[in-house]
Amino acid sequence: MLKWLGNLVDSNEKQIKRLQPLVDEINGLEPEFQPKKLSDYALHAKTGEFKARIAEATFEIRQQSDVAQKVLKHLKPVINEINSFEAQFKPLDEEQLRDKADKFKAELAKTTSRINQIVVVAQKIQTHLPTADEITSFNAQFKLLNATELPAKTKELKTPLENRVQRLEQDVTQFQKELLEADEKILPEGFSFLERLKSAMNEVNSLDSQFASLDQAKLEVRTVEFKSQFTEATSKITQEVTVSQQVQEHLQQVDEIIISQPILSPPELLDKTDDFKTLLEGECKQLQESITPLRKEQREVEEDALDELLPEAFAAVREAARRAIGQRHYDVQLIGGIILHQGKIAEMKTGEGKTLVATLPLYLNSLTGKGCHLVTVNDYLSKRDHQWMGAIYHALGVSVSSIQHEASFIYDPECKSDDIRWPRLRPVSRKEAYQADITYGTNNEFGFDYLRDNMVIELSQCVQRPSTTLGTGPLNYAIVDEVDNILIDEARTPLIISGQREESPQEYQVFARIAAQLQPETDYKMSEKGRSVDEIFESAYDSTERILRREGILKSGNLFDADKAHLVHHLRNAITAKEAYHKDQQYLVKDNEIIIVDEFTGRLMQGRRYSEGLHQAIEAKEKVKVQPESMTYATVTFQNYFRMYAKLAGMTGTALTEAEEFHKIYKLEVVVIPTNKPMIRQDFADRIYKDEASKFKAVVNEVTELNKKGQPVLIGTVSIEKSEVLSEMMRRRGINHKVLNAKPDKALQEAEIVAQAGRVGAVTVATNMAGRGVDIVLGGNPQGRNEKEWQQEHEKVIELGGLFIIGTERHEARRIDNQLRGRSGRQGDPGQSRFYVS
């Protein structure tokens, strides 16, 4: 194990060294993106330029993939039609089959004539299309033009374009009559192409008057847009013609096979039908198999194009961040962004700015137009990061959205929101949020939307992006924040969409009363960790049978009869609900409902329910309305869901200890990113007490001493109940403090509590809600305050020793404890931490 860790560290250092030349290149580009050389408008235009370069690099492979998919689409209906003929042909005699064969030959001759007409028109249209050499020449000419030469070049291009349109109109008119009689679709497609050329010509004419009023920067923008539109339009028409030629080749092959066959007897005809089915199924399979290497090749081409753009794109993002939010990416943050772009896990110590790092690879990968997801651990962080980083994306011309449990938002600086906390977030539909270039959201929201999309009746009802040409689906690229929590701690957690079963709540209520009368160690024994029933004794079964007979539930036999097995299951659930699930620890009671509390984040899990009747047992114990037990319609685990992304990356402060598991399950490599400044936090040894009461008393005593000198304190607890107990003890001591837990009245104040947790004399009692993704600034949040006053308070807190972290209990996963400690000592700030255990 030690040797493996040593090799891992050596490999990590080599990777960091290999990335340094790339970081140097990005730094070298920084002067070119300064405001003196690049205006805000020109910086915004860089995104269009990057997208055009990616489109040009991936044009050929995308064209091939479109052909393969469209041919496959044409062949599948042929197979279905052959299958439908099989049932029609079985009852026919030989004479009827001969009549059918004559009819087929006549229809085939007519169809062949129509196809020949289509090919002639397609060939005529193709003669008017610009060749690949012409397109290359056009692009090369435009790259050399300056602002004064562009209008003249535009006028020069008008005449040949008008001539092409005129010749195409003549050709289409010549074939119009016979194609209409043939009832084919090529004519509307020809006219559609004609309309596109007319539209392009009108656009060229309109440029004459528009260019006179444009300055240099705007003129450059229009040039980029014009080139991009031209490339897109010509590629689409070229694909259409290529597809028609490919379909023609396959139809001619079918034609030759049918014409060459003699008149067959009924048994021979049925055999031949099977041969045709086998032939076409093999053709479809072959086409499907051909898409697989195309998918891989397209991904490689796209990655190569993105790698080439990386230095410029990262430099653009860094400059946009400096202008929009006043923050500049450090070199170590650039390294973290490169690692994330490569589809790896970046371990960055807490406080190193992971939120800002994610903007680099998200922007770069959004240029492909396939969408990117940033996965957070809770709704608060997805909304906060969306608004915070939204200004950067907006400056670069990239759209960004966030999805919440009950709403979706898109960043819009013009929006006038009634909620002063989120002034620039405009509510939109869920589907519109997914159409944004970048989407922030929780793992639950992404997962459940995926399940719901797989249950819709019509594709138009889907909210996530539709499948791409190569079948990679809507899941293109994702960065998972706090990746160890989502992909390790919750990896096997199933997301379930369920319906209700018809079941009487009476049984759950009766078993809740039975469990209340039973005694541990006398009637049953719990497991070592106390989370499940290890054994139920005979005395418990006797008592249960007696009560069930009295209630009329057990009318004959006993609990061990085969048809009474569900009653034993109810008994186990009732005991488990009594002993292992407690109010304000594992769940809350709100509005007559049981709401689960996430043990890792301390947050409410709205809409989630325990399975196998356990949730109903808890409802019966708490005497709230018992909801019917659920029946699963669709389910997926986080582990399986995230493995469906074409490219997956993650970031966290605690991943190296799970590096082996990340590699085995997800093929993800962990790279440790060095800190920008040395870590100077003091982590004191644990203090151990014989019971909880004496431990809490010692905690309050230390908080009292720290509060007297003004040092800010954050106290971490493992449950809502413990946070309320400590809060009451400190209230009696007269210590002014704030409480942050999943209770609705407390959760609404989360942003305000976190913003002030680093101020002089601040005392905050929190559950795991404050353990991940929470940025506590020494001296408090500077926004809206006098800069000089904030700076004085910031320096005073540093003199006092920074934020003091007190943990009141060790978590089963050491990473959770490290996350709590990580709220202090961020970015080279001083800090202290200590855990109390009993």
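I searched the whole structure, a predicted model, and found zero disulfides. Cys372 is buried, at a relative accessible area of 1%. Cys462 is also buried, at 12%. Both count as buried because the cut-off is under 20% relative accessible area.

**Confidence.** I checked pLDDT next. The protein averages 75, and 67% of the residues score at least 70. Residues 182-212 fall below 50. I still count 48 contacts for that stretch in the model, beyond near neighbours in sequence. Residues 468-472 are below 50 as well, with 14 such contacts. I leave the details of such places alone, because coordinates predicted at low pLDDT should not be read in detail.

**His386.** Is this residue buried or exposed? I find His386 buried, with a relative accessible area of 0%. His386 sits in helix H11, which spans residues 379-395. I listed its contacts, leaving out residues up to four places away in sequence. His386 touches Val400, Ser401, Ser402, Phe409, Ile410, Tyr411, Leu425 and Tyr440.

**Sheet E11-E12-E13.** I traced three strands in that order, forming an open sheet with antiparallel pairing. Strands E11 (587-590) and E13 (604-605) stand at the edges. Each has a single partner strand, so one side of each lacks a neighbour in the sheet. I looked at the E12 to E13 pairing: two bridges join strand E12 (residues 593-597) to E13. Val597 has Leu604 in E13 as its bridge partner. Helix H18 (residues 614-621) packs on the sheet and touches E11 and E12. I noted an angle of about 120° between the directions of H18 and E12.

Definitions and conventions
Residues numbered from 1 in each chain as written. Predicted model: local features only at pLDDT ≥ 70, side-chain atom pairs only at ≥ 80, totals over all residues. Heavy atoms only, no water. Disulfide = S-S within 2.5 Å. Buried < 20%, exposed > 50% of the residue type's maximum accessible area, 1.4 Å probe, protein only. pLDDT = per-residue confidence, 0-100. Contact = heavy atoms within 4.5 Å. Helix = DSSP H or I, 4+ residues; strand = E, 2+ residues; numbered from the N terminus. Pairing = 2+ DSSP bridges. Axes fitted to C-alpha atoms, helices over the stretch in contact; angles between N-to-C directions.
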